[in-house]
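Student: Could you show me how to read helices and their packing in a model like the one below?

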Amino acid sequence: MRKIIIQIILILCVVVESFLIFKILITPEIIYQELYTGLAILIMLVMIRLINNLTNIAYGNPEEN
């Protein structure tokens, strides 16, 4: 169950990331580009953490063994 929830959240993160990159490309104002870039980096870090959690659930955490 936890695995499925993390996968759904990852899919949502990918959609939000794509939207933010699209907004960066079409926004002419620098201040908004920087805001969208910061949000995109934050979403990317969340995705990395979720992938780490997903692999720990799927394969076990070798640091605990």
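Tutor: Gladly. Helices (H or I, at least four residues) are DSSP runs, numbered from the N terminus, and the expected span of a helix is 1.5 Å times one less than its number of residues. This is a predicted model, where local features need pLDDT of at least 70, side-chain atom pairs count only at pLDDT 80 or more, and totals for chains, interfaces and linings use all residues. Residues are numbered from 1 along each chain as its sequence is written, and side-chain values use heavy atoms, with hydrogens and water left out.

Student: What span does helix α1 reach from its first C-alpha to its last?

Tutor: Helix α1, residues 2-26, reaches 36 Å, close to the 36 Å expected for its 25 residues.

Student: Which residues of α1 are buried?

Tutor: Buried means under 20% relative accessible area, with a 1.4 Å probe and protein chains only. In α1 these are Ile 6, Leu 10, Cys 13, Glu 17 and Leu 20, and they pack against α2 (30-59). In α2, the buried residues are Tyr 36, Ala 40, Ile 43, Met 47, Leu 50 and Leu 54.

Student: What does Glu 17 touch?

Tutor: Contact means heavy atoms within 4.5 Å. Leaving out residues up to four places away in sequence, Glu 17 touches Ala 40, Ile 43, Met 44 and Met 47. A salt bridge needs a side-chain nitrogen of Lys or Arg within 4 Å of a carboxyl oxygen of Asp or Glu. Glu 17 has none, and the nearest side chain of opposite charge, Lys 23, is 15 Å away.

Student: And what follows α2?

Tutor: Gly 60 follows α2, with a positive phi near 85 degrees.

Definitions and conventions: Helices (H or I, at least four residues) and strands (E, at least two) are DSSP runs, numbered from the N terminus. Buried means under 20% relative accessible area, exposed over 50%, partly exposed in between (1.4 Å probe, protein chains only). Lys and Arg count as positive and Asp and Glu as negative; His and the chain ends are not counted.
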